[in-house]
Amino acid sequence: MTNIKVVSIGSGDLAHHFIPALHKAGCDILQVYSRNLSNAEKLSIKVKATATDSLGQLNTEAEVYLLMVKDDAIKEVVAQLPQLNSKQILAHSSGATSIILLGKKAENYGSFYALQSFKKNKPADLSEIPFFIFGNTPLATRVLRMMARQLSPTVQEVDDKSRLRYHLAAVMMNNFTNHLACKTSQFLEDNHLDPKVLLPIVKSSFDKILNSDPCLIQTGPARRNDVKVEAKHLALIKEDAYLSAIYKSLTQSIKKTYNTENDAHS
Ligand SMILES: NC(=O)c1ccc[n+]([C@@H]2O[C@H](COP(=O)([O-])OP(=O)(O)OC[C@H]3O[C@@H](n4cnc5c(N)ncnc54)[C@H](OP(=O)(O)O)[C@@H]3O)[C@@H](O)[C@H]2O)c1
């Protein structure tokens, strides 16, 4: 199956990866929508599609309408969509939003979600990324699965409840870890020290996470219950209330996990 006709509703980070990849895989991208016409045009040119800034002017010939707008806007955008016919499919790409609200405008609807973080100008190899699809009807499931398989060999049927849990896991693993990396670099820079010296420990930390059970390899002052070290660290970041709270909270969580609160202090 090739040449599925697709309309892209959204032209942000995700659409800039999904839409050219679907085009390359043989889908026929008919149109790209964005509130801002020049944003829609920048993406539509890459895939030989038309561009529009009006949901009232959406091309009505597509088989799949792929909604890739920010999560908080999904409801309001769905409300402005035309009613789709009984063969058309409406899918969103959100990890944390139920597909149910898509049912207001389509008989066939579902999710087309990739468990990865995308930025417009950062290349991503979609073939290495797990895709989670779900359809409310056999038609929606079949077409969304076929589309996902054109991008990646790893495609699973995942419902709203499980997708939300995977999304939370990805946020903790990716967004929170990245934020810690950002705060760590800033801390060193603020103290006129070089964040680059951390690169080997960053690399070895992620190598170990990738190659072993992270719960078995925890090290550090909290794991050892070195309370004097913890106090020295907290003194250095006492001006930053949020970072202090993160430090204390992670320390408590590590102690609880390994039951080290009651270990004798040296
Ligand atoms: N990026 C990722 O890593 C990633 C990964 C998996 C899933 N997702 C999901 O993909 C979806 C899009 O995320 P993104 O990262 O591509 O976001 P983004 O880069 O911030 O782009 C957001 C898009 O939403 C549009 N938009 C925002 N508010 C709107 C409104 N009120 N009405 C109409 N359009 C509106 C923007 O339009 P304008 O161009 O007009 O501003 C833009 O096209 C989200 O559901 C997100 O959870 C993202």
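Reader: How do the residues of the shell around the ligand divide into nonpolar, polar and charged?
Author: The model under discussion is predicted. Around the ligand there are 23 residues, of which Gly12, Leu14, Arg35, Val69 and Ser94 come nearest. By class, the shell divides into eight nonpolar, 10 polar and five charged residues.

Reader: Which element gives the largest share of the shell around the ligand?
Author: Two elements give two or more residues to this shell, namely α1 (13–24) and α3 (74–80). The largest share is three residues, and the element that supplies them is α1.

Reader: What separation lies between the centres of domain 1 and domain 2?
Author: Domain 1 covers residues 5–158, and domain 2 covers residues 164–258. The contact takes six residues from domain 1 and five residues from domain 2. On the side of domain 1 that touches domain 2, four residues are nonpolar, two are polar and none is charged. Taken over C-alpha atoms, the separation of the two centres is 36 Å.

Reader: What distance separates the end C-alpha atoms of helix α4, and what span should its residues give?
Author: Helix α4 has 12 residues, 138–149. At 1.5 Å a residue they should span 16 Å, and this agrees with the distance between the end C-alpha atoms, 16 Å.

Reader: Which residues of α4 are buried?
Author: The buried residues of α4 pack against α1, β4 (64–67), β5 (89–92), β6 (108–114), β7 (131–135) and β8 (155–157). The residues in question are Ala140, Val143, Leu144, Met147 and Ala148. They lie on the same side of α4, because they cover an arc of only 135 degrees around the axis.

Terms used: Residues numbered from 1 in each chain as written. Predicted model: local features only at pLDDT ≥ 70, side-chain atom pairs only at ≥ 80, totals over all residues. Near = placed C-beta within 6 Å. Helix = DSSP H or I, 4+ residues; strand = E, 2+ residues; numbered from the N terminus. Nonpolar A, V, L, I, M, F, W, Y, C, P; charged D, E, K, R; others polar. Domains from an automatic or database assignment. Contact = placed C-beta atoms within 7 Å. Expected span 1.5 Å × (residues − 1). Buried ≥ 20, exposed ≤ 12 C-beta atoms within 10 Å, placed from the backbone. Arc of directions from axis to C-beta.
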